[in-house]
Amino acid sequence: MSTTPSAAHQPFSASPASSPAAPMSLTERRKAETRMEIARAAAALFVRQGLRATRAEDIAQAAGIAPRTFYRYFAGKEEAVAPLYAAGAQRWTEAVRTAPAGLPLPQALEHAVRHTLTPGAGVSAASWEWLRTLIRLARSSPALGKVWAEVCQTSEAALAEILAARVPGGKADDANLRFAAAVAGAAVRVAVEAWAAADTPPTGPGSPATLALRNLRALREFGWGGLGGGR
């Protein structure tokens, strides 16, 4: 179906993951795969020729679909990369969910950072460079920035539910858990955005993982709202 580059050269070439709590039907999985393939085509064009020079029709052609099919999945070209943003956010929240049982929340969050923000852990170094460009574009385009912000907000809500499941008697609408999810999400988002704004590699000092771990450790000084956040 697609005329996009081979998987080795595509951003986030892993298949879209489904939530263990809500496994996808075959039809839903095929739709998700189509959305992701369109997203990769859009990202490739945005990186190569810029957001302004790219039309929805160009994305459809690169993905090997008709323009009307594109519009069945996305309202506009900026929304087309939402699945890529969301894939990274989902990896992060799922890594928190699957962190070893018994870890206090701060350590579970740090565990998730190490397992998702390090190149080679689900996302290649080349994909991180694609992400750098997409985040930079989000900072310069209000429409794309809105897509990025909405993905981050959705991720925050998902993280609150995951944190609630890790705390005995926890509830996702608990103020402390919502606060923990908000600040943890912000710690990671700001780290990724700061890295994207610079020219440092995705490993070593200044990397997304290093910056996120620094932010999360700084938050321990505030005790995480009494949620097991000791130093």
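From the N terminus on, the protein chain runs α-α-α-α-α-α-α-α-α, which comes to nine helices and zero strands. Here helices (H or I, at least four residues) and strands (E, at least two) are DSSP runs, numbered from the N terminus. This is a predicted model, in which local features need pLDDT of at least 70, side-chain atom pairs count only at pLDDT 80 or more, and totals for chains, interfaces and linings use all residues. Residues are numbered from 1 along each chain as its sequence is written, and side-chain values use heavy atoms, with hydrogens and water left out.

**The chain as a whole**

Of the 231 residues, 46% count as buried; buried means under 20% relative accessible area, exposed over 50%, and partly exposed in between (1.4 Å probe, protein chains only). The chain exposes about 11,400 Å², and carbon and sulfur atoms supply 55% of that area, computed by the Shrake-Rupley method with a 1.4 Å probe. Contact means heavy atoms within 4.5 Å. Among contacts between residues at least 6 apart in sequence, 67% join residues at least 24 apart.

**Aromatic pairs**

Let us turn to the rings. The structure holds four aromatic pairs. Rings of Phe, Tyr and Trp (its six-membered ring) pair if their centres lie within 6.5 Å; planes under 30 degrees apart count as stacked, over 60 as edge-to-face and the rest as tilted. The rings of Trp128 and Trp195 have centres 5.6 Å apart and planes at 90 degrees, so this pair is edge-to-face. Because Trp128 lies in helix H6 (residues 125-140) and Trp195 in helix H8 (residues 175-197), the pair ties together parts that are 67 residues apart in sequence.

Elsewhere, Phe70, Tyr71 and Phe74 form one aromatic cluster.

Asp58 has its place in helix H2 (residues 56-63). Its side chain reaches the backbone nitrogen of Arg55 at 2.9 Å. This is a polar contact (a pair of N or O atoms within 3.5 Å; within protein, one must be able to donate a hydrogen and the other to accept it, and residues adjacent in sequence count only if both atoms are side-chain atoms). Leaving aside neighbours within four places in sequence, Asp58 is in contact with Leu45, Gln49 and Ala53.

| Residue | Relative accessible area |
|---|---|
| Trp128 | 4%, buried |
| Trp195 | 0%, buried |
| Asp58 | 17%, buried |
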